[in-house]
Amino acid sequence: MVEPTPFILSKYGSLENLEKYCRDLPKIELHAHLNGSVSPETLQQLVERKKEKKPHLAQFKIPKRKLDEIDEFFSIFNFVYQLTDDDESIGYITESVIHDFKKDGVQYLELRTTPRNDKNGMTKESYVGIVLSVIQKFSHSGNGIIVNLILSIDRRNTLEEAMETVNLAIKYKNRGIVGVDLCGDPSKGHIDNVKPAFIEAKKHGLKVTLHFGEIEANIPEHASMLAIPPDRLGHATHLDSESKDFISSNNISVEMCMTSNVMCNTVKNYREHHIQDFLLTGHKCCICTDDKGVFFSDLSTEYAIAASTFSLDQKNLFELSFQSIDCIFDNDEIKLQLRKIWNDWYESYSSSKNSLLTHVHV
Ligand SMILES: CNc1ncnc2c1ncn2[C@@H]1O[C@H](COP(=O)(O)O)[C@@H](O)[C@H]1O
């Protein structure tokens, strides 16, 4: 995955140095699904907790292999959701996922999740409440990570279900919900079934991000999706020329999830990943993980993969991470705060004895 290419060895000295640099680099994560981001260790703890009541889950493990088709991926959640079916486990995974990102050097996180009911008492509202209360605990403890929440609407939702999610997002907007997302199996549903919910969200000042062009069959929906209009897009793998023009002339940033795309076989391999077009044109994009628990890849690894695949040196990676600040849904004050953190980090890195930089000034 992360290759010790001649470029990497000449710029970083070793693969270990590259990995350390990527971990230390301050980073932003904007596309992380809560239930897909749970580490294998935390999932195992949930299995231990639940296996008495649900013995069929005792052997459950996320398969570590490339999938033939993206739709195989969604069946994994039939299991994960049985492990996270009450308020307590939702609180537990939220805390554990935020800790993981923080440990990996993430300074600003927009976590996303699909509110769920369960027959054992969990309601969509209690689900959102528990996630927000964990987020607030982090934000108020001077913990060194800013976390906001995006509520996801599944493509299979009815308009009524989508509106319910948007109403929760509106109700809890002042507690850290910054936007809504359209996600789920791209071969199911259609934007037009739920579009009014996204328009309502925008009316109330919420931002909108949409999973876009994950598979080629989504192209006929693109014009309708772009008419909302979205503030960011996820993946944007398969683009028709009209969408390409619209995205570029409206400067819509794209959340790039390289390992997810390769593992789900929507992109053949890293070398052919469409992030390369964005790196070439300078169109804004942000490296993200999507589902770090399911794909066994954290954010610093995604940066290292980008570096080894597309020959990016320290300054290139810093700039990529720095430009992600422009893509966040939070306000200008937070953006300023983040730019200062990034600049201070870079200054201190450049002047440190261990710096691998030679003649670089930002
Ligand atoms: C591979 N790329 C992807 N494309 C589309 N939707 C995805 C996804 N990865 C995850 N999800 C969506 O996120 C849910 C799990 O997290 P939450 O329960 O919301 O926290 C999945 O059920 C799916 O709907």
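**Working through the model**

Modeller: Asn343 is partly exposed because 13 other C-beta atoms lie within 10 Å of its own; buried takes 20 or more, exposed 12 or fewer, and partly exposed is in between, with C-beta atoms placed from the backbone. Bear in mind that this is a predicted model, where local features need pLDDT of at least 70, side-chain atom pairs count only at pLDDT 80 or more, and totals for chains, interfaces and linings use all residues. Numbering starts from 1 along each chain as its sequence is written.

Colleague: Where does Asn343 sit?

Modeller: In helix 17, residues 332-351. Helices (H or I, at least four residues) and strands (E, at least two) are DSSP runs, numbered from the N terminus.

Colleague: And how far is Asn343 from Pro26?

Modeller: They are 317 residues apart in sequence, but 10.0 Å apart in space, C-alpha to C-alpha.

Colleague: What about confidence?

Modeller: The average pLDDT of the protein is 94, and 96% of the residues score at least 70; pLDDT is the predictor's confidence in each residue, from 0 to 100. For the complex, the predictor gives an ipTM of 0.99 and a pTM of 0.96.

Colleague: Switching to the sheet: what's the strand order?

Modeller: 1-2-3-4-5-6-7-8, an open sheet of eight strands with parallel pairing. Two strands pair if DSSP finds at least two bridges between them. Strand 1 (27-33) and strand 8 (285-287) are the edges, each pairing on one side only. On average, neighbouring strands are turned by 25 degrees against each other, direction ignored; the axes are lines fitted to C-alpha atoms, and angles run from 0 to 180 degrees between N-to-C directions.

Colleague: Which residues of strand 6 stand opposite His211 and Phe212?

Modeller: Gly234 is opposite His211, and His235 is opposite Phe212. Strand 5 (residues 207-212) and strand 6 (residues 232-235) run parallel, joined by four bridges.

Colleague: How many bridges between strand 6 and strand 7?

Modeller: Three, again in the parallel sense, with strand 7 covering residues 253-256. Leu233 has Val254 as its bridge partner there. Together with helix 11 (residues 241-249), strands 6 and 7 make a right-handed β-α-β unit: with the strands pointing away from the viewer, the path from the first strand over the helix to the second runs clockwise.
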